[in-house]
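User: I'd like to learn how to read a model like this one. Can you take me through it feature by feature?

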Amino acid sequence: MKIAKSIINLLLSCSILAGNVSIGLSAKENEDVMVKDVIVSQEEYIQAISKYENLPYKGAEEEIRLDRIQARVDPESVVTVLRSVTRKVNSSSYLRCTAYLDVVRDNLTNRYIEIIAVKAPNVDLAGPCTDSAMSGSCSSSCSGTSATVYCNGSITYTISTSASIGTDILGVQVGVTVGGNTIYRYPVSTTFVFTV
C-alpha cells in the first residue's frame with residue numbers, strides 16, 4: 001500500500017511539473033506580444049468611425065449598418081470590440097496596433113465566432129516616447145475568424161532628453177523640439193493578425 005501511494009505521489013508530482021513547464025514555455029513564446037480587448041458602446045464606435053473616416057455622424061452610422069446587413073447576421077449578435085495588439089520591438093519600445101472589430105458573438109456561449117468588419121486601424125509606438133503618430137497607409141481585410149491589418153509608412157515620435165539616456169532608439173533623428181526633446185522617424189512595414 002505504501003509503495004502504491006509513493007508511485008501515485010511521484011506521478012502526480014511529475015504531471016504538475018510537466019504542466020508548469022508547458023505553461024512557462026507557452027508564456028515565453030508569447031511574452032513579446034500582448035492582446036487587449038475592450039467592448040465599446042455603439043455610440044463610441046460610431047463616433048470613432050466618423051472621426052477616422054471624416055464622415056458625418058449619420059454617414060458613419062449608415063456605413064456600420066450596411067456592413068452588418070452585408071454580413072447577414074442578426075444585429076443583436078454583433079459586438080464591437082476595440083482590440084489592441086502590442087508587439088515588443090526592442091528593450092524599451094512596443095509597436096501597437098488598435099482597431100475596432102465588429103464580431104459575431106454566440107449568444108449561448110458568449111464566444112466570438114466571426115469577424116465581420118475591421119474599422120479605424122491605427123499603428124503607433126508605445127514606451128518612453130511621446131507624440132507618436134503614423135503617416136502612410138493602414139488598411140485591413142477580414143475573412144471568417146481572422147482579420148489582418150497592413151501598415152506601411154513611418155512613425156514620428158518624440159523622446160525627452162532625460163528619457164533618451166539608456167533608451168534603445170528606433171529610426172533616425174529628424175529634428176528637435178523647442179523644449180530640446182528629440183524627434184525621430186521610424187519606418188514601419190508590417191502586418192498584425194487578429195483572430196477570434
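What follows is a short walk through the sheet, the helices, the cores, a few single residues and the salt bridges.

Analyst: Some ground rules come before anything else. This is a predicted model, where local features need pLDDT of at least 70 and side-chain atom pairs count only at pLDDT 80 or more, while totals for chains, interfaces and linings use all residues. Residues are numbered from 1 along each chain as its sequence is written, and side-chain values use heavy atoms, with hydrogens and water left out.

User: Let's start with the sheet. What is the order of the four strands in the open sheet?

Analyst: In general, strands of a sheet pair through backbone hydrogen bonds, either parallel or antiparallel. Elements here are DSSP runs numbered from the N terminus: helices are H or I with at least four residues, strands are E with at least two. Two strands count as paired if DSSP finds at least two bridges between them. The open sheet has the order β1-β2-β3-β4, and its pairing is antiparallel. Its edge strands, each pairing on one side only, are β1 (33–39) and β4 (112–126). On average, neighbouring strands are turned by 20° against each other, direction ignored. Angles come from lines fitted to C-alpha atoms (for helices over the stretch in contact) and run from 0 to 180 degrees between N-to-C directions.

User: How many bridges join β2 to β3?

Analyst: Eleven, between β2 (residues 78–88) and β3 (residues 94–105), running antiparallel. To see one of them, look at T86: its bridge partner in β3 is R96.

User: Which strands does helix α2 touch?

Analyst: Contact means heavy atoms within 4.5 Å. By that test, α2 (residues 42–52) packs on the sheet and touches β2, β3 and β4, with its direction at about 55° to that of β4. Helix α3 (residues 57–71) also lies across β2, β3 and β4, running at about 140° to β4.

User: Now the cores. Which residues touch the most other members of the largest nonpolar core?

Analyst: The general idea is that, in soluble globular proteins, nonpolar side chains tend to be buried together. A nonpolar core is a set of buried Ala, Val, Leu, Ile, Met, Phe, Trp, Tyr and Cys residues joined through side-chain atoms within 4.5 Å. Buried means under 20% relative accessible area, exposed over 50%, and partly exposed in between (1.4 Å probe, protein chains only). The largest core has 27 residues, and V123, Y157, F192 and F194 touch the most other members. Strand β6 gives the largest share, six residues. Leaving out residues up to four places away in sequence, V123 touches L95, R96, C97, M134, C138, C151, I155 and F192. A second, separate core of nine residues includes I46, I49, I64 and A120.

User: What does Y57 touch?

Analyst: Y57 is found in α3. With residues up to four places away left out, Y57 touches E43, I46, Q47 and S50. At 31% relative accessibility, Y57 counts as partly exposed.

User: Is N54 buried or exposed?

Analyst: Exposed, with a relative accessible area of 71%. N54 is found in the loop between α2 and α3, and its phi is near 55°, a positive value in a residue other than glycine.

User: Last topic: how many salt bridges does the structure hold?

Analyst: Seven, where a salt bridge is a side-chain nitrogen of Lys or Arg within 4 Å of a carboxyl oxygen of Asp or Glu. Take R83 and D37, whose side chains meet at 2.6 Å, N to O. R83 lies in β2 and D37 in β1, so this pair ties together parts that are 46 residues apart in sequence. R83 is buried at 7% relative accessible area, whereas D37, at 35%, is partly exposed.

User: Which residues does the salt-bridge network join?

Analyst: Salt bridges that share partners join E63, D67 and K119 into one network. Within it, the side chains of K119 and E63 meet at 2.6 Å, N to O.
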